[in-house]
Amino acid sequence: MRYLTVIKQCSLYFLVVVVVLCGCRSGSDQGRHKKVAVIVSTLNNPWFVVLAQTAAEQAKSLGYETKIFDSQNNTAIEADNFENAISAGYNAILFNPTDADGSVSNVLEAKSAGIPVFCMDREVNSVDAATSQILSDNYSGCVAIGKYFVEKLNKQGKYVEILGLVGDNNTWNRSKGFHSVVDFFPGLTMVAQQSADFDRNKAMEVMESILQAHPDINAVFCGNDAMASGAYQALVASGKANDIKVFGFDGAQDVIESIQNKKIMATGMQFPKVMAKTAAIYADEYFKGKRDFPKKMPVAVELVTQENVNDYTGYGKKE
Amino acid sequence: MGKKVIKYIIVAFVVLLVGYNSVYFKKLDEVKAEQTAKTFNAAAYAQNFWDKKLTPGLSNAIAIDKLIPMLNTNPAQAFDSYSHALGIGNLRYFLIQGKGTVAAIDGDDVTVSIAGLPEQKVKIATEYIFGNAARDATGLININDFNNTMDFNNVSAEINAIIRSKVLPQLKHAKVGNSISFTGAIELNKEHVNLSQIEAVPVAVNIQP
């Protein structure tokens, strides 16, 4: 009889321990069971590879299952990626859009499915679609470039602006920031403004044709570093590389080296890793109940010049 | 026949009812007025910020002769205690105040030797009044007040326009050797603090011969 009581008591304790352990396990697994999708415009460009991989690694380090979806710069593939992510039960999407307008419907689809979307680097043209958009402060970065540009040209001269994709918001935010400074100085005259679609080869062609019409320019401002490299190549080919100052934007490794070698004057350093990590941290905070995210969170762009280039490396600061 | 007529009458009534409720007219000037009301007015926001937040709070600016030693000895504490920024990243802004002597004047700035810190110079900008320093240095603007990036970019531009019209004219009277007290906003990179080239965007100045 006594043995029976002891067995009964042991069984009861065992049952309690099992229940407690199960409870603990299900609690700790709550975070681990959530899944975070990273949908990126393209993996065919190292800049976006860094963005996507950093976002996925950060989400993983916070305890979430992650997967990277490549939209291949195609809004139709992006729509498929969203459908797949939604049907596969992903709980948040860290998103780098292919198109500011064309991607809005995808974000809204996720929103209607109750899935928060955090945009990285590129924005969608809707205030309410994404939970938050973490974007480079392109405008302010180009204000800083504009100021350095004016100083290096001693407030006078003729210059050319090579724009990125004309349908991209970043193109115009950069251009507006630059002109918000440079247009204050009447001694500086823009003799040509042309798009080269953020493409190095196109920028080289554009620069070659502009040089034929305006061989006497003093400087060229390019909306990204690939175009700055292309423009510089055209200047080398025409024998004017030492006379015309080139300014870029991005912080690409080859342009940082060109600044060190005094081939390119300056660039604006963006921080893809900061944007990606912030997006993953926001998703984590969302899961923990936070809801008051800023609709748009700017990430500071730093001016990299002849004077401070040794502090920087491609896409960031030296560790 | 009678039933058909009734049917047609009912259908016509329904079509008219739906049509009436689907189309409505508004005066064009009313619609335009609504759109204007929804558009963010950066100039008005900047003026309100200048009058009600920035200038009444100037006494809260950190004294430069306290900030510089702290930046030298404990930069992390200095940034945590006194810097602000609307976005994220290494660029942070301080609202500073100081007294000193005008040491040099050129086309772009007025150089001030800071009282009590003989080695320290601060350049007060007179030409390049650009960027977010004056907007962000107080920490009194909330990013959630803005729906899009261009709105808060425009606020910076409008605050800088106020500085050009209200503050810069006073600096035109500065002469080397004058005593000067000032309050201004500075930008520092918290990863690479460079105290040899501090440039302040002036918010208030007082020059004594």
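## Polar contacts and salt bridges between the chains

A polar contact is a pair of N or O atoms within 3.5 Å; within protein, one atom must be able to donate a hydrogen and the other to accept it, and residues adjacent in sequence count only if both atoms are side-chain atoms. In this predicted model, 8 residue pairs, both at pLDDT 80 or more, are in polar contact between chain B and chain A. On the side of chain B that touches chain A, helix α7 (residues 149-166) of chain B gives the most, with 5 residues. Sorted by class, that side of chain B has 12 polar, 8 nonpolar and 5 charged residues.

In one salt bridge, the side chain of B:Glu199 meets that of A:Lys147 at 2.8 Å, N to O. This pair crosses between chains, with B:Glu199 in strand β7 (residues 198-208) of chain B and A:Lys147 in helix α5 of chain A. Another salt bridge joins the side chains of A:Lys155 and B:Asp108, at 2.7 Å from N to O.

## Extent of the interface

The contact involves 25 residues of chain B and 32 residues of chain A. About 2,300 Å² is buried between the two chains, and carbon and sulfur atoms give 61% of this area. Within chain B, the residues that lose the most area to chain A are B:Ile88, B:Tyr128 and B:Phe130, which together account for 28% of what that side buries.

## The second largest pocket

The volume of the second largest pocket is about 890 Å³. Its lining comprises 34 residues, of which A:Asn45, A:Phe48, A:Arg122, A:Phe198 and A:Asn224 are the closest to the centre. Two or more lining residues come from each of the elements α2 (46-61), α6 (169-182), α8 (225-237) and α9 (253-260) of chain A.

By class, the lining of this pocket has 12 charged, 12 polar and 10 nonpolar residues.

## Enclosed cavities

The model contains 2 cavities of 30 Å³ or more. The largest cavity holds about 80 Å³ of space. Both chains are represented in its lining: chain A supplies A:Glu123, A:Leu135, A:Ser136, A:Asp137, A:Asn138, A:Tyr139, A:Asn170, A:Asn173 and A:Pro298, and chain B supplies B:Thr149 and B:Asn153. At least two lining residues are contributed by each of β5 (132-136), α5 (138-152) and α6 of chain A, and by α7 of chain B. By class, the lining of the largest cavity has 6 polar, 3 nonpolar and 2 charged residues.

The second largest cavity has a volume of about 40 Å³. The residues around it are A:Glu161, A:Ile162, A:Leu163, A:Gly164, A:Asn170, A:Thr171, A:Arg174, A:Ser175, A:Phe198, A:Phe221 and A:Gly223. Strand β6 (157-163) and helix α6 of chain A each supply at least two of the lining residues, and the largest share, 4 residues, comes from α6 of chain A. The lining of the second largest cavity divides into 5 polar, 4 nonpolar and 2 charged residues.

Helix α7 of chain B gives the most residues to the side of chain B that touches chain A and supplies at least two residues of the lining of the largest cavity.

Note on methods:
Residues numbered from 1 in each chain as written. Chains lettered and ligands numbered in written order. Predicted model: local features only at pLDDT ≥ 70, side-chain atom pairs only at ≥ 80, totals over all residues. Heavy atoms only, no water. Contact = heavy atoms within 4.5 Å. Buried area = accessible area lost by both parts, 1.4 Å probe. Salt bridge = Lys/Arg side-chain N within 4 Å of Asp/Glu carboxyl O. Nonpolar A, V, L, I, M, F, W, Y, C, P; charged D, E, K, R; others polar. 1 Å grid on protein atoms, 1.4 Å probe; cavity = no way out; pocket = protein on both sides within 12 Å on 5 of 7 lines; lining within 4 Å. Points joined across faces, edges and corners; volume = space filled by probe spheres on them.
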